[in-house]
Amino acid sequence: MRAATVFALLIALMLTGIPVSIALGLTVMTFLFTLTTVPIEAVSMKLFTGIESFEIMAIPFFILAGNFLTHGGVARRMINFATSLIGHWHGGLGLAGIVACAMFALVCGSSVATVAAIGAIVLPEMVRHGYPMRFGAGIITVAGSLGILMLPSIPKIVYAVSTNTSIGALFVAGLLPGMLLTTMLCIVTWWLARKRDYPRLPKASWGETVRTFRESIWGLMLVVIIIGGIYSGLFTATEAAAMAAVYSFFISVFVYKAIGMKDVPRVLLRAANTSAMLLYIVTNAVLFSFVLSNENLPATLADWITAQNLGWVGFLALVNVLLLLAGNFMEPNSIILIMAPILAPAAKKLGIDLVHFGIVIDVNMEVGLCHPPVGLNLYVASMIARMRITDLAGAVMPWLITMLGFLIVVTYWPELTLWLPRVLGMM
């Protein structure tokens, strides 16, 4: 009953429209003052020690790197390279947008930033070449979600901190699933474009392809820095985030020169604002997890789920349904911070690897970003495309259905996520 009271109070507060971070804090404080005897000093200590983790420092660094990359001309060069490779295929600009999203996702770590950076360039070009805006906006909305599946990813960091899982293994585990999802989205786009006879671009020469690759190589080198540094043991995932921020600053200001020194304070302030909002959610979620642990809820729930004899197949199906429902009214980081500490012990008891479980959660978060009422990708794409949310929600359906099929594949094919981390010795 005490556990039910916690969740009932949290859901009631969120239904009133209160932000999730504040709802978490109010739930914790109400519960602590009325139903427990936990000293308030312990709560204040938990507020500070909860975000003292070295791994959490990676979040502001990756946010800063993403801001520099978004405004630093990296996205445009990646789009030019992708267009030179596949622009002459059916739906070539749409395919180039998907591939560019995948390349940008390898270095960014934010789904919303990927949609904003790629969409702002690709969508006007698609319309200019005769594509319907609905088609382009649907593609970019869903393809932008690759931002949290490929290498660096803020939700992966949040999950790793919540469940004490290796961040490096989680980063690398998303590579093969990300490549598979990119391929699936490209196939759907090509098929629709061929069926509807959408325009194709002239085939680029090898010289043009080489030139655009050389222009984009500075951005793509960040992938080598992140994977190479973590795999070689040269630095940790958090140090890789710091390196990514410094490198992104360097190429944006001194190589591509898309940002002047006078613009740097504005980028820093924007990154600081985003980091502060996210860390405020993390802080309140840490308190919420503290209350749950004090009530021994994660272990109790794990025992209850095991006793239901669902098996790992049934458990993962239940988790997917639960997370997809949560995605209707909460943003990804809040869902992970609340659900992961509760579900991970049960997953572990059923023999599910926590790295695989983290990627399953990550893909569920991708789906939640692409549909109303709180899908952040949907809102960003609607602003760029100047479309109503209801229209865009219909436009994304072919690719959203594809992603749901991909979710089933990732859920029940653990080796897709675990093979590469094992080969690289990260597990």
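Start by selecting Phe68: with 2% relative accessibility, Phe68 counts as buried, where buried means under 20% relative accessible area, exposed over 50% and partly exposed in between (1.4 Å probe, protein chains only). A word on the model before moving on: it is predicted, so local features need pLDDT of at least 70 and side-chain atom pairs count only at pLDDT 80 or more, while totals for chains, interfaces and linings use all residues. Residues are numbered from 1 along each chain as its sequence is written, and side-chain values use heavy atoms, with hydrogens and water left out.

**The aromatic stop**

Phe68 and Phe249 form an edge-to-face aromatic pair, 5.6 Å centre to centre with 65° between the planes. Rings of Phe, Tyr and Trp (its six-membered ring) pair if their centres lie within 6.5 Å; planes under 30 degrees apart count as stacked, over 60 as edge-to-face and the rest as tilted. Phe68 sits in helix α4 (residues 58-71) and Phe249 in helix α13 (residues 237-255), so the pair ties together parts 181 residues apart in sequence. Helices here are DSSP runs (H or I, at least four residues), numbered from the N terminus.

Now extend the selection to Trp218, Phe250 and Phe254, which form one aromatic cluster with Phe68 and Phe249. The whole structure holds 12 aromatic pairs.

**Along α17**

Next, select residues 332-349, helix α17. Its 18 residues should span 26 Å at 1.5 Å a residue, and the end C-alpha atoms are 24 Å apart, which agrees; the expected span is 1.5 Å times one less than the number of residues. Where does the kink of about 45° lie in α17? Look at Ala340, shortly before the proline Pro341; the bend is the angle between axes fitted to the seven residues ending at a residue and the seven starting there. Of the 18 residues in α17, 15 are buried. Just after the helix, Gly351 takes a positive phi of about 80°.

**A loop glycine**

Finish at Gly91, in the loop between α5 (74-86) and α6 (92-105). At 0% relative accessibility, Gly91 counts as buried. Draw a distance from its C-alpha atom to that of Met103, 12 residues apart along the chain: the separation is 18 Å.

Definitions and conventions:
Helix = DSSP H or I, 4+ residues; strand = E, 2+ residues; numbered from the N terminus.
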